[in-house]
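Welcome! Let's look at this structure together and ask what lies behind some of the words used for it.

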Amino acid sequence: MNQGFISRAVIHTGFLVYSILCLLPLFVVLTISLSDEQSIFQSGYHLIPEKFSLDAYAFIFSGNSPIIQAYGVTIIVTLLGTLLHLVISSMLAYGLSRNEVKYKNIISFIVVFCLLFNGGLVPWYMLFSKYLHLKDTLLVLIVPYLVSSVNVLIMRNFFRTIPDSIVESARIDGSGEFNTFLRLVVPLSTPVLATIGLFVAVFYWNDWFTASLLIEDGKLYPLQFLLQSIMNNIAYLQANALTQKLATSLPDETARMATCVLAVAPIALTYPFLQKYFVKGLTLGAVKA
């Protein structure tokens, strides 16, 4: 018993130290964002702000930086994109997991082929801007990523672990395919849906590349692209001799850290609620090929 206690104590201590080392950089970022810009330059970084200041957040939320509107755009895109992605990908994956579906092998080959090859950036841009006419619309931030071959394959493998007797019993009771999927399969697939949903939500939340190519209207800027623009503007002011005096009064390092906090905080606060499904969803979805 003593040996078991000692071994558990060593393991728990190791994980505790590792967790602290992982959280320490995030805490330093938060501390810098709450510090005064001049104190950072004079005395460097500290775990506790030497001089507390909210100037970085005040600058980011100022009238010249419509970050609240960008938050709204990002939240809408993330929620709608994640929900539609789960609906479309799960229905496709469920169809591919059933042996009685005709041509499922051909469709599976197409899914794998799209995983390995794509048309390239130029055809992708022309498709959404010239043919679908989605440029400068909210849909262009959602539609390109509604289906992912990787997520479809993970869901398909997970659906294969659901016993066929459950689906067959529902059919005997007169349940249709859609009703069976909605009322039986989906409740049993909470782990994989939560896992894929987290992946997709993080991707939509962090996506700035699509906006840089297909969004010119400032009212449709997502959060990540707007924050990047703010940092680029500060760097430009500091590099320009005509505006160096103005730039010295603007928060630079603290503003960069504040943007990191604003970008990471929502996802970091959401993850603990989905953590219990995370590992289970990945392992169960990867057991069978």
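**Surface and loops**

Leu115 is a residue of helix H5. The model is predicted, so local features need pLDDT of at least 70 and side-chain atom pairs count only at pLDDT 80 or more, while totals for chains, interfaces and linings use all residues. Residues are numbered from 1 along each chain as its sequence is written, and side-chain values use heavy atoms, leaving out hydrogens and water.

Q: Why is Leu115 called partly exposed?
A: Buried means under 20% relative accessible area, exposed means over 50%, and partly exposed is in between (1.4 Å probe, protein chains only). Leu115 has a relative accessible area of 39%, so it is partly exposed.

Q: What makes Tyr103 count as exposed?
A: Its relative accessibility is 52%, and therefore Tyr103 counts as exposed. You will find Tyr103 in the loop between helix H4 (67-97) and H5.

Q: Which helix gives the most to the nonpolar patch?
A: Helix H5 (residues 104-116) does, with 8 residues. The patch on the surface includes Tyr103, Leu115 and Val150 among its members, and together its residues have about 1,100 Å² of accessible area.

Key. Patches are made of residues with over 30% relative accessible area and no salt bridge: like charges are joined within 9 Å, nonpolar side chains (Val, Leu, Ile, Met, Phe, Trp, Tyr) within 5 Å. Accessible areas come from the Shrake-Rupley method with a 1.4 Å probe; for residues, only the protein chains shown count as cover. A salt bridge is a side-chain nitrogen of Lys or Arg within 4 Å of a carboxyl oxygen of Asp or Glu. Helices (H or I, at least four residues) and strands (E, at least two) are DSSP runs, numbered from the N terminus.
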